[in-house]
Amino acid sequence: MTGLGLWSGLLQAVLVVGGSPLLVGLMRQVRARLQGRAGPGVLQPWRHLRKLGRREPVAPRGTSEVFRAAPVLLVSTTLVVAVVAPFVSTSSAFGPVADLFAVVALLALGAVGLALAGIDTGTAFGGMGASRAMTILALVEPTLLVAVFALSVPVGSTSLTAIVGSTLHDPERVISPGSLLAGVALLVVVVAETGRLPVDNPSTHLELTMVHEATVLEYAGPDLALVELGTAMRLSVYLGLLVNLFVPWGAATSPGVVALLVGTAAFATKVALVGAALAVAEVFLAKLRLFRVPELLAGSFLLALLAVTAAAFL
Amino acid sequence: MLAALALTAALLHLVGHAAFKTLLFLAAGSVLHATGTRDLDALGGLRPAMPLTTAAFGLGALAASALPPGTAFVSEWVLLQSLVHGLPAPGVATSVVLPVAVAAVALTAGLAVATFVKAFGIGFLARPRSDAAATARESPPTMIAGMALAGFACVGLAVGPTLVLPALGRVAAGLSRSEVPVTGATTIELTGIAAALSPMGLVLALTAAAVLVVGLPRMLLAHRTRRQARLWDCGAGPLSSRMEYTATSFAEPLARVFDNVLQPVQDVDVTHHRESRYLVQAVEYRRRVPDRVERRLYGPVLAAAAAWGRAGRRLADGSVHRYLGYGFATLCALLVLLVGIR
Amino acid sequence: MTDALRIQLIDVAAGTLLLTAVLVLWRRELSVIIRVYTVQGVALAGIAAVLAVDEGSAELGAVALGVLVLRAGVLPAVLRRALAGAGPERRITRPLVNVAASLLAAAVLTLLAFAVSQPLVDLAPSATTRAVPIGMALVLIGFFVLVTRRRALSQLIGFLLMDNGITAVGFLTTAGVGLVVEAGVALDVLLVVLVLQVLTSRMRDVFGRTDLDELRELHD
């Protein structure tokens, strides 16, 4: 635990909580512009959250505390990851939690909470969403862990700070075949885990295509605000991990106001760029049929496995 | 060194299993006691009537599904560390087997998560799917006490696996004649591997974050009481428990993904009206997932054992002369054998 | 050309070879598969060209040019012609093994290729020979496509993948097998493709489709 780590952890918490809705707003705005609409502006998600926060809390009849605890669990697991991951600097606020396996499992815990909440409502929608979400989660897991494996082989550690730090010192590694393949595999994983196109459509309200939306259908008011905030934070945390594992440049390596500010700005810019690129790609994509998703995941698993092979043999 | 680490992971997994499987079985027994059924499709809605059993099963499910903060997560983490760091070892076999092993562990973990979400969510949450589940009562205190005991072991292992890990590490080190692979008082540190995990820190961080997430909005926003509201029923009247997702429907997408492996048998019978072929009177849908391991592996083995048994019974027909004859034949055969090998 | 750049280029070309082979397994539309095959031809020619520049051999340069013309020009054009004759509804393949399973099979085959060719690489470890397993994987994946695809045209592509793999292994191990041999092989491949194209169109005339399982009828 270092001063640099603590300060960057604090900065990251503020940045992720405050910036995630802006990231979602940016992505929606990019899509709107490309589709020829004016768009509601980047600040719209924050306005939406403010509106929801002022509403009266609602408990659907027959739901238990699982339903009420799930949004809190979603936001707090994501918050822990946002604090401990080396985003702004190469140091972590709490090293023994900033392990790639632990971080990935923490993010999965949030998703599991939401799935249980979906079942808890007892509606067909909730059960359907939970069932689909868990199917995708179970199939994503092999890709995710094998890609993590590929990233940790050249470094010799699964600690996030070690991977980020060593990539920073050895930039050539990023364009090695193993790293590139792992990058593509992780991109597919991130898309699947955050419920973006082509695995899930975040703007759909049609039961045939809903995955995430179906599980959270019964939330209203402040609970819905937490769910939306948590989902946005998940997106930016996943994109942040992706960005900093492969292009960590700009992250602060020494304590100091200037270094931390540069690190913050660099991180925000990188995530915004990747998010905008993802939004541009989504304009050209249609949602996959649910039973075509395993093909996509099998493909990304193949890439992850090749990444390990490349790291081992090349 | 890594062998010792993997062995430590296996031992920790064993200890964890002892805790959470006990808990899960006791909770399942409690449910069986209260409802008289083991059919997940007939359960549901047990949470208001059986809060303690629900909590116990939830704890066990968390521990079993390899999610933090759970017991199985720690042992999975140690196992993955030993697999990941085995790659630099020379040999083609390791570099082929290890990634496949990691993928297998990961798929197992993913499927375990789906399984326990199904078991806990469908079994205890939502609304009852049968009368037996609707009239369930909490089990007697003696059953609760058993669950509590196993539950404390689960919590202890999840928060403080470092209490038992060094001892297990010493056992593993002794067996594989290497250094002790695991050290640390609150943080798990691995010898020779730059990796550390603090289960207690993880729990504390999660608690702190949850307090923050609950507390901050309360300070900023005016607190209002929760209003009860109807569930969204598409405007079609009250929802019945027949509309809920069941365990079978929950697992259907996964079962379909692994269609080639499971090979379910399903058939659809459509009964038409007598007046017209175009009007459907009833549709009957049957789906069964036969256990392929049982049919293909256990079946033949059991059949072979039974055939041997039948053959053995024919040898023993109760005649004393025959039994004496066996002894005599064996003696002679031994003597012939002795002559032969001399 | 610097050493690092050469290694980088070989790696990129070999990676493209493997990625295109995977894409052939992944995609269903035959037109897309043919386009992917074209890209693979370019990557193969790229390997030959890098080796040619590296060794300063004009002969190898000519081979690279030949590979480019044949595998990224002539063969895709022939395939496209065969596809155009197939009619609009026949442009999607339906493999015998589903896509997810064949992708997993490709993963296993690639691991096998790496494991099998490790002794070969150890004979003379260098940047070029370290890419040999990828050529081997290409051969195996091509064979897999040949086995599991129903349509004559997609089987043809499997055959061409195998051929690309063999050529790649040839380049990477021996830096080209000579202009004459290469030209002979190329003519051979062209001939096979033309013959199969004629066969395909005849099959379509007789059976109305090109599902190779229809040939079983000839047996009865």
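The model is predicted, so local features need pLDDT of at least 70 and side-chain atom pairs count only at pLDDT 80 or more, while totals for chains, interfaces and linings use all residues. Residues are numbered from 1 along each chain as its sequence is written, and chains are lettered from A and ligands numbered from 1 in the order in which they are written.

Let us begin with chains A and B. Here 61 residues of chain B are in contact with 69 residues of chain A (contact: C-beta atoms, placed from the backbone, within 7 Å). On the chain B side, the elements giving two or more residues include helix H3 (71-84), helix H4 (92-124) and helix H8 (199-220); helices (H or I, at least four residues) and strands (E, at least two) are DSSP runs, numbered from the N terminus. H4(B) gives the most to this side, with 15 residues. By class, the side has 44 nonpolar, nine polar and eight charged residues, where Ala, Val, Leu, Ile, Met, Phe, Trp, Tyr, Cys and Pro count as nonpolar, Asp, Glu, Lys and Arg as charged, and the others, Gly among them, as polar.

Strand E1 (residues 58-60) of chain A and E4(B) pair in the parallel sense over three bridges (a pair needs at least two DSSP bridges). Look for A:Pro60, whose bridge partner in E4(B) is B:Ala229.

Now turn to chain C. Its contact with chain A takes 16 residues from chain C and 12 residues from chain A. Helix H1 (3-26) and helix H4 (99-123) of chain C each supply at least two residues of the chain C side, and H4(C) gives the most, with nine residues. That side has 12 nonpolar, two polar and two charged residues.

How values were computed:
Contact = placed C-beta atoms within 7 Å.
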